[in-house]
Amino acid sequence: MSPSNDLLASAEQHLYPNYAKPAVVIDRGLGARLWDTEGRSYIDLYAGIAVSILGHSHPALVSAIAAQAQKLVHVSNYFHNEPNIRLAEKLCALTRMDRAFFCNSGTEANEALLKLARRHFFQQGETERYRIIAFDNSFHGRTLGSMTATGQKKYREGFGPLAGVTHVPFGDLAAVRTAMGPDVAGILVESVQGEGGVVVAPPGFIAHLRALCDETGCLLLADEIQTGIGRTGRFLGFEHAGVQADALTLAKALGGGFPIGAMLCKEALKGALPPGSHGTTYGGGPLASAVALAVLDTVEGEELVARAARLGELLAARLTKLSHQHGAIKSQRGQGLLQGLVLADGLDAGALMARLREAGVLLTIAGGVALRFTPPLTISEADLEEGLSIVDRVLGEFA
Ligand SMILES: *Cc1c(COP(=O)(O)O)cnc(C)c1O
């Protein structure tokens, strides 16, 4: 009997069945490679959903975890800890924001963002100003607030009532203007809709949202959870638009695989969440903070943002070629190392992903419509090429 069978039988019996996982148990990773308990190896072109930007078992991440674990793991927000203060300092500098709040995941970061927006206006005496404008096909997380902001039926259905958010088509400025009103506290937007199918905001759209927020006094809120930390070839996705949000969220890549989320904002918003109004037991702990610091130091030291831009161009060119060569693919789209291949209508995305996995490449499907590429920013050109040649072969066989 293979070593995985016992585990899979136990999983079947004991895990809550909210995920549709294949019968694969991942055991270890190194760089852009993963191995399962059967000894099969995979080229990782998805990095745990745009999380493991340093690849697997990067020495900087491993030693940061070990060193901080030996010193101090947890202390709670009753006290300061140095790694957290250093991390706040560093993130504020990198994002040109003024204040950082820490939590443990993307959805939690967005909860902080939404609470910040509502309470900011409450604090100003505008108690009826709470509505958020968000976009169709957006993804902001699974907790009630973030899910309410998420613009996809499959994530919302059955969990209502979900109130206080108006959804409009992504990229449609006229629709945003129509939805605008004196009760709107903020516009929440991703510069590239990752889960929504790797859809890049049309040129000028983000800058127009900035101008509209300046005009109406509502807040521009950037969900940079998937686009942030260099993924798109800039540190933040918003940098492509040349404008800044009033507040933004980070998670996924921030910890390189260790759970951490952050909400950063401008100084003008520092009074919105006074002591007692928001918090979390683990947020900003020394271990998570030390790991995130190591991630940011490595991103800087290995010049990974520039690398994402350069490898992103290479990847986009290769994917464009694949889109011309294979009937299964309609087109290529994306930014930096967040790239998608749009699948032909009616194509069985799940079956394609399974075929790719069997052939030794791990990828995800975004929005049910696009094969999504989010490799580690550290991936070697050789590994990327090898992965792409497997994708090429599988697409050729997949009629
Ligand atoms: C993944 C993601 C989230 C949710 O993050 P979790 O850590 O899964 O809660 C929110 N927004 C965007 C854009 C994401 O990609």
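I looked up the ligand first: S105, G106, T107, N110, F139, H140, G141, E190, D223, I225, Q226 and K252 surround it (a residue is near if one of its heavy atoms lies within 4 Å). I note that this is a predicted model, where local features need pLDDT of at least 70, side-chain atom pairs count only at pLDDT 80 or more, and totals for chains, interfaces and linings use all residues. Residues are numbered from 1 along each chain as its sequence is written, and side-chain values use heavy atoms, without hydrogens and water.

I sorted the shell by type. Two residues are nonpolar, seven polar and three charged (Ala, Val, Leu, Ile, Met, Phe, Trp, Tyr, Cys and Pro count as nonpolar, Asp, Glu, Lys and Arg as charged, the others, Gly among them, as polar). Helix 5, residues 106-123, gives the most, with three residues (helices are DSSP runs of H or I, at least four residues, numbered from the N terminus).

Next I checked polar contacts (pairs of N or O atoms within 3.5 Å). A backbone N or O atom of G106 is 2.8 Å from a ligand oxygen. For T107, a backbone N or O atom also lies 2.8 Å from an oxygen atom of the ligand. The side chain of D223 places an N or O atom 2.8 Å from a ligand nitrogen. The protein covers 82% of the 380 Å² of accessible area that the ligand has on its own (Shrake-Rupley method, 1.4 Å probe).

Last, I looked at E108, which is in helix 5. E108 and G141 are 33 residues apart in sequence, and their C-alpha atoms are 8.2 Å apart.

Definitions and conventions. A polar contact is a pair of N or O atoms within 3.5 Å; within protein, one must be able to donate a hydrogen and the other to accept it, and residues adjacent in sequence count only if both atoms are side-chain atoms. Helices (H or I, at least four residues) and strands (E, at least two) are DSSP runs, numbered from the N terminus.
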